[in-house]
Amino acid sequence: MRLISLLGLPFVAALASAAVPFKGCHHKVKESIHGPPRGWSKHTPAPKHHMLELKIALPQPKFPELEQHLWEVSDPSHPRYGAHLSKEEADALTAPHPETLDIVNEWLASYGLEEESLVRSSANDWVTIRVPVGLAEEMLDTTYHVYKHVKTGESIVRTTSYSLPEILHEHVDLIQPTTMFARFKAFKSTLHWGNQVQPSVLSTSSGTITGPAGNQVNASCNSTITVSCLRELYNAVSYNTSATNGNQLGLTAYLEQYANNMDLQQFFELENPSAYGSNYTFVSVNGGLNNQTYAAAGVEANLDTQFGFGLTWPTPRTFYSTGGEPPFDPDMLTPTDTNEPYSYWLDYVLSQPMLPQTISTSYGDDEQTVPFTYASRVCAGMAVLGARGVSILFSSGDYGVGDGDPNPATQECYSNDGLNVTKFLPAFPASCPYVTAVGATVNIPETAVFFSGGGFSDYFVRPAYQEVAVSEYLAKLAPGTYEGLYNSYGRAYPDVSAQGVNFSIVYQGQSVLVDGTSCSSPTFASFVSMLNDARISAFKAPLGFLNPFLYSTGYTALNDITMGNNPGCGTEGFNATTGWDPISGFGTPNFEKLEALVLSMP
């Protein structure tokens, strides 16, 4: 008799599960991959004493109900628009069935892992355990190896397959780190060094050009992007945010990216003197640090905080630093291998009763390097944030449709399913349908940048909110265009875009120009934060998940980008065109128009 037949009878289920003989029972493969992704090679078996931090995801049977809430509270035409869920309501809709908790607890206890050694998420849908490789191999009927990355030399402990007792399969969605080789990296394509910090270019140039809103923009913005440039370009020069209405902006950092406070104050002095001396709330997640030595300053973290906080001052702001244990080092006696950082960050923020209304992240990797089960669960976590009223924005990636290489002879876009076929490589989490993905533009008039990531998910089907816009784009393509290279039924991205070239930041006390969609996401997020500020000051709910709004009416207040293409995978990639396209989305913000639109909504 299978325990699933006892659903709805948790008391009986608990009694039955107590007698389940896990040890020695038949294991069945839960998850496997063909082999390590390109660039990884197998080395030695992992030392048995090496510690792993395993995260076990338990099913969320009520997630469809939560998703329905998300669609309703995010749709401006729905009567429930803006009626976001509380933490307690969201937890109840993502909690596992009691039977699942019972049987998984029993399985863990059979290996000596009692409640006091378990770490649970707020909704009890994730369980974290620390075990040596030897015990993990016994529990998962697998063998871990050390894998080394050819280009970076980085080593990690992983396996290509793991199994669970068959009775557990319906009670466990996934266990990681096992088969995941993703290297969620900061999106930034180019870093240009200057000799020293220069006064803002705006103070030395008197010429102007006409911006997309018809207003005047300093001509220097065609070569160097500053806070003033973005406010001029996107028509928000006169808007002042509140420091006290409850609105907040959140920025995330992973992989030991530290925001240097001396650099930040120097940046404020140059680009927004009113903000000089102001600070932010630092939140450490999973042991994340914020090392303040100049040598430890992170380009990505500096970029995010300087522009995100510089554009929105005096809005209160939060900087999340999520720690990950170091990669496997064979010379260390007790290193620990952990998951990639998103699940840790999501665990933390979803446990908090109050959250920033807008959060931007500039990290990701090729979707295919992330197991589908893990991508689905992280994406579901983003849906929970949206249902709770948070606008989540992600960079769309810096490699066009895949690797940024238009040359068929040298491109490196290959599937990792063992077939090694050439295909476009969508980015994750940008491909998640519950986030807003931001591409990049350059120059005035704006054109889409060649590196702007865009395309179609291989994991997630196209959501209803973008069906009309994306179908219109696909109908414009010549029949057979890139046939077999992309999934035309997948979630299409980016959704929007913003400037992404020649952002002037302060790094280690010097002026640096940075390019990448890592510039674009915090920029667009800053204007979203201003929109939330306007709504909150008018006693309205924050915007929450943006895409249903953007695809229904919001696009009318964006600057359509119609020039540019994003080469990669031996092709010229997709072209920008009138309306939505998979390089610039619907385009860049016109704040004045957007403000009027969001204030007209309930």
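In the predicted model, the axes of helix H12 (residues 517-537) and helix H14 (residues 591-600) come within 10 Å and cross at roughly 40°. Axes here are lines fitted to C-alpha atoms, for helices over the stretch in contact, and angles run from 0 to 180 degrees between N-to-C directions. H12 is therefore oblique to H14; angles under 35 degrees count as roughly parallel, over 145 as roughly antiparallel, 65 to 115 as roughly perpendicular and the rest as oblique. Contact means heavy atoms within 4.5 Å. Sorted by class, this contact of H12 with H14 holds 8 nonpolar, no polar and 2 charged residues. Ala, Val, Leu, Ile, Met, Phe, Trp, Tyr, Cys and Pro count as nonpolar, Asp, Glu, Lys and Arg as charged, and the others, Gly among them, as polar.

Residues are numbered from 1 along each chain as its sequence is written, and side-chain values use heavy atoms, with hydrogens and water left out. As the model is predicted, local features need pLDDT of at least 70 and side-chain atom pairs count only at pLDDT 80 or more, while totals for chains, interfaces and linings use all residues.

The chain contains 14 helices and 30 strands; helices (H or I, at least four residues) and strands (E, at least two) are DSSP runs, numbered from the N terminus. Its radius of gyration is 24 Å, close to the 25 Å that the globule rule gives for 602 residues, so the chain is as compact as a globular protein of that length. This radius is taken over C-alpha atoms, and the globule rule is 2.2 Å times the number of residues to the power 0.38. The C-alpha trace spans about 80 × 55 × 55 Å along its principal axes. Of the 602 residues, 59% are buried, where buried means under 20% relative accessible area, exposed over 50%, and partly exposed in between (1.4 Å probe, protein chains only). Among contacts between residues at least 6 apart in sequence, 82% join residues at least 24 apart.

Phe63, Glu65, Leu66 and His69 of H2 make the contact with Ala90, Leu93 and Thr94 of H3. These residues divide into 4 nonpolar, 2 polar and 1 charged. Helix H2 also contains Ser74, which counts as buried at 1% relative accessibility. Leaving aside residues up to four places away in sequence, Ser74 touches Tyr81, Phe545, Pro548 and Phe549. Ser74 and Asn260, 186 residues apart in sequence, lie 36 Å apart in space, C-alpha to C-alpha.

Backbone geometry was also examined. Most residues other than glycine have a negative phi, and most peptide bonds are trans. A cis peptide bond with omega of about 0° joins Ile444 and Pro445; Pro445 lies in the loop between strand S22 (436-442) and strand S23 (447-448). Tyr493 and Pro494 are likewise joined by a cis peptide bond, with omega about 0°, and Pro494 is in the loop between strand S25 (490-493) and strand S26 (496-499). Phe539, not a glycine, has a positive phi of about 60°. Phe539 is found in the loop between H12 and helix H13 (547-552) and counts as exposed, at 80% relative accessibility. Cys569 has a positive phi near 60° and sits in the loop between strand S29 (558-559) and strand S30 (588-589). Cys569 is buried, with a relative accessible area of 4%.

Two further buried positions are Ser163 and Gly35. Ser163 belongs to strand S8 (residues 161-165) and has a relative accessible area of 6%. Not counting residues up to four places away in sequence, Ser163 touches His27, Lys28, Val29, Lys30, Met139, Leu140 and Asp141. Gly35 is in the loop between strand S1 (27-32) and strand S2 (40-45), with 14% relative accessibility. The C-alpha atoms of Gly35 and Leu485 are separated by 22 Å, and the two residues are 450 residues apart along the chain.
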